Amino acid sequence: MVDRLCAVLFDLDDTLLFSDVGDEMESGFLKHYFALLTEYARPLIDGQRLMRALLAATEAMVRNQDASVSNQQAFWRVFAPLVGRPFDELHPFFSRFYEEYFPGLRVHTRPHPDARRAVQTCLDAGYRVVVATNPLFPRRAIEHRLTWAGVGDMPFTLITAYENMHTCKPAPAYYNEIAAMLNLDPAACLMVGNDVQRDIEPAQRVGMRTFLVDQWLNGDDTTVQPDGRGSLSDFIVWMTHASSVQA
């Protein structure tokens with residue numbers, strides 16, 4: 001058993017940044033994202049075909065646990081054939097979307113007022129800090145969202161994105177992969193998130209400690225008991241106490 005905490009993992013959506021990202025494509029941020037993407041891609045790809053390809057390629061990433069296949073590779077292996085155009089044409093086309101158009105979605109999000117202080121508290125205590133967002137998006141999209149959350153300039157040890165990951169939430173393998181990338185036992189890691197099924201339960205299954213942020217809670221399960229629970233402000237107090245005890 002590893003007693004000493006070495007790394008803190010933060011979920012992004014609805015933990016540090018309110019985006020209303022649930023399971024339904026027609027709700028919140030995802031509704032606006034898909035509408036903007038469909039409009040952008042219309043000159044190249046029919047909207048219905050695009051959505052079918054996106055759903056199938058996203059499912060391929062969620063299923064992927066092959067250490068030799070990144071989520072990016074899993075996505076494009078399915079997406080490009082389904083839209084009937086080559087990767088060399090599609091990749092720069094969609095890279096432009098994330099660089100020039102995706103930032104316009106910022107108006108559909110709002111930062112958590114305690115997000116930066118929560119991250120800084122962990123950095124000040126000497127922990128490595130990871131952005132453990134579901135790696136279904138390119139890193140550039142995640143960088144934009146971190147900026148929207150007010151933490152884009154902070155020195156994260158790792159940001160999970162579809163380029164560098166081979167697993168996704170809610171698979172416990174996602175949390176094991178992060179621990180391996182940090183060269184840490186999972187027991188030396190703390191996962192902080194708002195989603196019981198994606199953040200808390202699978203992290204616990206691999207031996208990580210957990211803190212459930214319940215301000216923008218997604219799902220609740222009384223059979224799953226995190227090590228801590230409360231607002232991000234509560235987390236800061238909880239982490240400050242935990243750090244002083246560990247020291």
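**Exercise 1. Work through the aromatic pairs.**

The structure holds 27 aromatic pairs, where rings of Phe, Tyr and Trp (its six-membered ring) pair if their centres lie within 6.5 Å. A quick note before going on: this is a predicted model, in which local features need pLDDT of at least 70 and side-chain atom pairs count only at pLDDT 80 or more, while totals for chains, interfaces and linings use all residues. Residues are numbered from 1 along each chain as its sequence is written, and side-chain values use heavy atoms, with hydrogens and water left out.

Task: classify the pair Y33 and F137, and say which parts it joins.

Solution. 
- Step 1: look at the geometry. The ring centres of Y33 and F137 are 5.4 Å apart and the planes sit at 70 degrees, so this pair is edge-to-face. The cut-offs are: planes under 30 degrees apart are stacked, over 60 edge-to-face, and the rest tilted.
- Step 2: place the residues. Y33 is in helix 1 (28-41), and F137 is in the loop between strand 4 (128-131) and helix 6, so the pair ties together parts 104 residues apart in sequence. Helices (H or I, at least four residues) and strands (E, at least two) are DSSP runs, numbered from the N terminus.
- Step 3: check burial. Y33 is buried, at 5% relative accessible area, and F137 counts as buried too, at 14%. Buried means under 20% relative accessible area, exposed over 50%, and partly exposed in between (1.4 Å probe, protein chains only).

Solution. 
- Step 1: F102 lies in the loop between helix 4 and strand 3 (110-111), W148 lies in helix 6, and they are 46 residues apart.
- Step 2: F102 is buried at 0% relative accessible area, and W148 is buried at 5%.

**Exercise 2. Describe the surroundings of N194.**

Task: find where N194 sits, whether buried or exposed, and what its side chain contacts.

Solution. 
- Step 1: N194 is in the loop between strand 6 (189-193) and helix 8 (196-205).
- Step 2: with 3% relative accessibility, N194 counts as buried.
- Step 3: its side chain makes a polar contact with the side chain of T15, at 3.2 Å. A polar contact is a pair of N or O atoms within 3.5 Å; within protein, one must be able to donate a hydrogen and the other to accept it, and residues adjacent in sequence count only if both atoms are side-chain atoms.
- Step 4: leaving out residues up to four places away in sequence, N194 touches several residues, including D11, D199 and W216. Touching here means heavy atoms within 4.5 Å.

**Exercise 3. Follow helix 8.**

Solution. 
- Step 1: at the start of helix 8, a side-chain oxygen of D195 comes within 3.0 Å of the backbone nitrogen of Q197.
- Step 2: after helix 8 comes G207, with a positive phi near 105 degrees.

**Exercise 4. Inspect D214.**

Task: is D214 buried or partly exposed, and which side chain does it contact?

Solution. 
- Step 1: D214 is in the loop between strand 7 and strand 8 (228-230).
- Step 2: at 29% relative accessible area, D214 is partly exposed.
- Step 3: the side chain of D214 makes a polar contact with that of R229, at 3.2 Å.
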